[in-house]
Amino acid sequence: MPDFLSALKKRPLLFDGATGTMLQRLGLKPGGCPDELCLKDPGMVKKVHRAYVEAGSDIVTTNTFGANRVKLREYSLDGRLKEINVAAAKCARQACNDKFVAGGLGPTGRFIEPVGDMDFDEAVGVFSEQASALKEGGADLIIIETMMDIREMKAAIIGAKASGLPVAATMTFDETMRTVLGTPPEAFAIMAEGLGADVIGANCSLGIEGIYKAILAMSRVASTPFIAQPNAGIPVLKGSETVFPASPDEMAAFVPKLVEAGVRVLGGCCGTTPEHINKMGSVFKGLKPVSCKEGGFTALSSRTSFTLFGGGLPAIVVGERINPTGRKALAQEIKEGKTAGIRAEARKQAEAGAHALDVNVGVPGTDEPPAMKRAVFAVNENTALPVVIDSSDIAALEAGLKAADGKPLINSVSGEEKKLASVLPLARKYGAAVLGLALDDSGIPDTAEGRLKVAEKILSRALKAGIRKEDVLIDCLAMTVSAAPESALETLRAIRLVKERLGLSTILGVSNISFGLPAREVINANFLTMALAAGLDAAIINPENKAMMDAYHASLVLMNRDLRAERYIKRHQLLEPARKPAEQAETKAEVKSIGDRIRKAVIEGDEENIVGLVEQGLKEGWDPVKISNSGLVPGLEEVGRLFASNRYYLPQVMLSAETMKKAFARLKKELKGKTGPGLGKVLLATVEGDIHDIGKNIVATLLENHGFEVIDLGKNVPAEKIIEEAERNKVDIVGLSALMTTTVLEMDKVIKRLRERGIKAMTIVGGAVVTKEFSENIGADEYGGDALSAIEKMKRMVREKAPAS
C-alpha cells in the first residue's frame, strides 16, 4: 500500500464521518469514557469503522479524540493512555484492511499560558505522548481536530510531528469566521503551513457552506492541501432528539465548491453518517483536484491577524522600538521583570501603523529567556501584530518562539556556520520565517555581489533544513554612510540583486545609514524611499517617526503599491491638525484622574500595575466602592463593548478579568471582612456525560469579576447533584453547559427537575451546540450565547427578579 502522502499526490482522499453519531446509533449511552470503548467493546467501534469503509472512505479515524493524558485523567484512566491509544489504532487497522488509519487527537480542555495555566512544553508533551502511542498501534497519519486555541494547535502540530507521521490539522470556526479565541482561518493556515502540517483545514461547528468559507480564506494565504470536515448542518431539537438537518444529497451538492477551493481530503464531522460520506464521496472522487498554487509572498501571523509582504505586495513596516539599546528606563524595567514599557511601546507602534513588531530584550546581566517570554506575551496581549523575535541568544530565541501565538519572524540568522547550525533547526521546528543577514564568518562583504553570495548560502541551507523559500528574508545591511560614502548605493544594488537573482523577500534596518550625521531622519527618510524603489519588502523603522512614515506612504503611492492612494489618504485624514487647547487640557485632566487610570489598566489588562493604582486611589481618599464604580466596572464594561465590536477577543477579555481579580483582592482588605451586597448567586455546571468546561470556566471568572457569587460544580455533574446544590444554596440562577450533541438533552432533564421540585432559580444554558431555539424548546429562561453576552443577560435576570423597592 502506498503511504498517505504519495496517495494524496495522486488522487483525492475520502475521510470518514462522525464517530459519536454512529456510536449513538449502535446504542452508546452518555457518560463514561468513550475512548475506553476500544478496550471494553471493540466490536462496536469496529462496526463504525467498517460502515465508513463500505461507504467509500479511504481513511478511518481512531476513536481517540479525548485519549490524551489530561482528558483521560478525568476518568482516572491516564495510566492506561498507551494501552487505550494502541488498542484504538489496532481496532481501526483490523476493521479497515488496506485503508489508511488516522490517529485522532483532540483538545486537552485547558488553555495554554498566558490565557490559561498550562505550560507550552507540557502541552507538546501531551500530544507527543498520544501520537507516539497511536503510531505504535499502526496509525498511518495523525489528524488534529476541533482545536479552538492557536497556541494549543501549535503545540499539537509540534507534538504530532515528533512521531514522524504525516499530520493533518483542523481548527473549528464560528459564523464570524473566527475561533472562540479570535483566530481567523488565514492566521491559522499561515502558522500551520509554517510548522509543516501536511494537510490543513476546518471541521465541526459549521455546516458545509461555513466550512467552505473558512477553506476559501485559507486558500488565499496557503498552498498546503486542504481538508474539509463539515457538520451535517447546525443541530436542532426535534422532540427529545438532537437532529442535524443537512441531508446527504444537500451536502454532496456543495462538494464541487470545496474542490474548487483546493480541498483534496474530504470527510464529515458531527451528524454525518456513512450515507453522507457515500454521497459526498461519489461526487468528490469524480472531480479533478485543483492544483495548490504557491503565493510567492512571505506571511506572518499572530493569534488574531496576519500580514503578507513580498511577491509584489506592498512593503511593510516592522516597529523597532521594543529594544533597550540606549534606553535606560526600558533596560531597567526589563531587568526588574516588568513589562509596562513594552506594552506601551507595542500599543503606540501598532497605532502608528506598524505591521509587525521587533522584540529585543538584550540587557547585560539579565536572564534573557524568561525576559523574552514575558515580552512576547506582553506584545501578544496588547496588539494584534505578528512578532519578530530579536536575539543572539539561542535559548532566548526558543523562549520567544514558544511564546509567540502565530507565525513569527526570527531576527536573525547569518552566513556564519555556527548561526546556520543553531538557528535554522529552531525556525523549522517552530514554523518561523528567518531574517538572514548578508554576512558570514569573514564579515560583511563590501560588494553587492559578495552579499548576494552570502544570501545564496543562507537560502541553500534553509531549504535543506526544510524551510520554505518564501520564509527566507535577506537583510542586505545598511552601513554608516558617513564612514563609507559608497555603502548606501552598494546596499541598494544588493537589494536589487537578491530580488532579481533569488526572488527572495528583503528587509532592512534603515536607520544605521545615518549614524554620526546631523538631522538623521532626513537621511533615513530619503534612503528608505530609495530602498523601497530598489525592491525592499520590509523596513525596520520607528513607526512613530513622522518623516519616516510620510516617506513610506508617499513611496507606496509613487510606486503604484497603494491602490487609489487609499492608505496615503487615510493616514493624512488621521493626522489632522492638533485639537484645540481646551480639548487638550480636558484630555490632560482625564489622564491625571486615578479613576481613568484604573479604567485604562483594566481595559489594557495591566496586571502588573493595577494593585499600585488601587493603592494610589485609596491614598487619595477614594473608598473601595468609588474605586470599583468609577474605575474598575467602567473598564470592564468598555472591554465588553470592544468584544462586542470584534476589536477584543477572549484572551484580552480574560486578561482584563484577571486584572480585575487582582484589584478586587486588594480592595477586600479594606473591607475588613465586610462584604457588600452581591449581584446574585449563580450555580454553574457542565451536565452529566460531558467533560468540556472551558466556556463554563470563562463565564465563572467573568461572573465573579462582575460581582456575582459563583458556585461552580465542575463538569460531568449528575442532575440530582445540581438540584440539591441549587436548593441548598438558594441560588438565583442555574447555568448549564454542554459541548456535545450527546449530552445537551441532560439540560432538559435538569430544568424539568428544577421545576418539579419547585425551585425558583432562573436558568440559562450555553455551549457549542446549544442554540437559542434549543434553549426555548427546553424551557430555559435564557440562552447564553458568548461569554460576555451571558454575563449581561444574567445581570438583567437578577434585576428583573429583584422585588421593587
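Val199, Gly201 and Asn203 point one way from β6. Ile200 and Ala202 point the other way, and all are buried. The model is a predicted one, in which local features need pLDDT of at least 70, side-chain atom pairs count only at pLDDT 80 or more, and totals for chains, interfaces and linings use all residues. Residues are numbered from 1 along each chain as its sequence is written, and side-chain values use heavy atoms, with hydrogens and water left out.

Strand β5 (residues 167-171) pairs with β6 in the parallel sense over 4 bridges. Pairing requires at least two bridges found by DSSP between two strands. Strands (E, at least two residues) and helices (H or I, at least four) are DSSP runs, numbered from the N terminus. Alanine 168 stands opposite valine 199 in β6. Both strands belong to an open sheet of 8 strands, ordered β1-β10-β7-β6-β5-β4-β3-β2, with parallel pairing. β1 (13-14) and β2 (59-61) stand at the edges with a single partner strand each, so one side of each lacks a neighbour in the sheet. For β1, 2 bridges in the parallel sense link to strand β10 (residues 263-266). Here leucine 14 stands opposite leucine 266.

Another set of 8 strands closes into a barrel, in the order β13-β14-β15-β16-β17-β18-β19-β20, and the pairing is parallel. On average, neighbouring strands of this sheet are turned by 30° against each other, direction ignored. Strand β18 (residues 472-475) and β19 run parallel, joined by 3 bridges. Leucine 473 stands opposite serine 505 in β19. Helix α17 (residues 417-430) packs on the sheet and touches β16 (409-414) and β17 (433-437). The direction of α17 makes about 155° with that of β16. Axes are lines fitted to C-alpha atoms, for helices over the stretch in contact, and angles run from 0 to 180 degrees between N-to-C directions.

Helix α20 (residues 520-534) has 15 residues, which should span 21 Å at 1.5 Å a residue. The expected span is 1.5 Å times one less than the number of residues. The end C-alpha atoms of α20 are 21 Å apart, which agrees. Asn524, Ala525, Phe527, Leu528, Ala531, Leu532 and Ala534 are buried in α20. An α-helix has 3.6 residues a turn, so residues three or four places apart point the same way. The cover over the buried residues of α20 includes α19 (487-502), β19 (505-509), β20 (538-541) and α21. Glycine 535 follows α20, with a positive phi near 120°.

The axes of helix α21 (residues 546-558) and helix α22 (residues 566-574) come within 8 Å and cross at roughly 150°. That makes α21 roughly antiparallel to α22 (over 145 degrees; under 35 is roughly parallel, 65 to 115 roughly perpendicular, the rest oblique). Contact (heavy atoms within 4.5 Å) involves Lys546, Met549, Asp550, Tyr552, His553, Ala554, Leu556 and Val557 of α21. From α22 come Arg567, Tyr568, Arg571 and His572. By class, the contact has 6 nonpolar, 2 polar and 4 charged residues. Ala, Val, Leu, Ile, Met, Phe, Trp, Tyr, Cys and Pro count as nonpolar, Asp, Glu, Lys and Arg as charged, and the others, Gly among them, as polar. Histidine 572 lies in helix α22 and counts as partly exposed at 31% relative accessibility. The C-alpha atoms of histidine 572 and histidine 553 are separated by 9.9 Å, with the two residues 19 apart along the chain.

Notes
Buried means under 20% relative accessible area, exposed over 50%, partly exposed in between (1.4 Å probe, protein chains only).
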